[in-house]
Amino acid sequence: MQNKRRPLVAGNWKMNGSVELAKQMIDTLDSSNIQNVDVLVCPPFPFLSEFNGFSGSVGAQNLSEFNAGAHTGEVSATMLKSLKCDFVLVGHSERRTDNGESDALVAKKVSVALEQGLTPILCVGEPEAVRESGEFFNHIQAQIDAVVDQIGIAKFDNIVVAYEPVWAIGTGKTASPLQAQQVHEFIRQYLAELDAEVAQGLRILYGGSVKAANANELFSQPDVDGGLIGGASLEPQEFLNICLAAKG
Ligand SMILES: O=C[C@H](O)COP(=O)(O)O
């Protein structure tokens with residue numbers, strides 16, 4: 001039987017990179033013949049087509065909640081599919097902050113991605129003040145509830161969740177393996193109350209200052225199924241080393 005929780009390592013380039021970096025990344029990853037890990041690169045929209053023929057997967061960093069029409073500057077799920085995307089990040093904290101994406105909008109985007117056959121990577125996580133207040137489980141639960149209400153628990157079979165504590169993103173301040181495990185376990189147990197089988201098969205990635213040097217310890221936690229990598233995914237060899245750390 002296929003391992004539904006096969007490790008996944010996703011690189012989120014954010015608003016960085018170039019055609020040249022795409023070529024270097026593909027060369028490095030394709031020549032490494034990585035086994036037993038799903039590798040995903042999420043470059044900015046203009047570089048998606050550079051990944052045609054890449055041995056791993058390609059994904060987008062965002063999608064529109066609309067399918068087509070007069071929505072200037074938006075990119076639809078159908079367009080992403082035509083560019084061979086399999087995945088799309090939804091609700092990254094930078095979009096929640098910079099673009100005011102609400103839990104409800106994020107839930108709608110997850111639904112649209114699924115309808116068009118994309119696998120959404122639902123990003124959740126608490127800001128520093130929420131962590132310090134001790135209310136982080138409630139914060140994450142609300143982010144997840146919005147999506148459960150929109151799509152139902154059964155469709156979590158076709159999504160990936162990424163836990164990214166906002167205070168750990170791009171700060172060099174990684175969550176400890178214990179802190180990551182604690183939240184991942186919470187997410188899985190919370191969803192297991194709705195459907196144990198779906199929760200057991202759900203991939204939950206950790207994101208926030210992951211590097212090759214700390215990846216192994218984070219990925220060894222029982223409920224951590226890989227990573228969502230920002231800064232370190234811009235360096236081909238470093239990203240490859242993180243992918244290799246996920247294969248167990
Ligand atoms: O999507 C990736 C995350 O925001 C993590 O970014 P980072 O690895 O630069 O901290």
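I looked up the contacts of Lys-108: leaving aside its neighbours within four places in sequence, Lys-108 is in contact with Glu-65 and Gln-150 (C-beta atoms, placed from the backbone, within 7 Å). This is a predicted model, in which local features need pLDDT of at least 70 and side-chain atom pairs count only at pLDDT 80 or more, while totals for chains, interfaces and linings use all residues. Residues are numbered from 1 along each chain as its sequence is written.

I then checked the separation of Lys-108 and Gln-150, which are 42 residues apart in sequence and 6.9 Å apart in space, C-alpha to C-alpha. I located Lys-108 in helix α4, residues 103-115 (helices are DSSP runs of H or I of at least four residues, strands runs of E of at least two, numbered from the N terminus). I noted Lys-108 as partly exposed because 19 other C-beta atoms lie within 10 Å (20 or more is buried, 12 or fewer exposed, in between partly exposed, with C-beta atoms placed from the backbone).

I next traced the sheet and found a closed barrel of 8 strands with parallel pairing, running β1-β2-β3-β4-β5-β6-β7-β8 (two strands pair if DSSP finds at least two bridges between them).

I recorded individual pairs as follows. Strand β2 (residues 38-42) is joined to the parallel strand β3 (residues 57-60) by 2 bridges, and Val-41 has Val-58 of β3 as its bridge partner. Between β3 and the parallel strand β4 (residues 87-90) I also found 2 bridges, with Ala-60 opposite Val-88 in β4. Strands β5 (residues 119-124) and β6 (residues 160-163) pair in parallel over 4 bridges, and Cys-123 stands opposite Ala-162 in β6.

Note on methods:
Contact = placed C-beta atoms within 7 Å.
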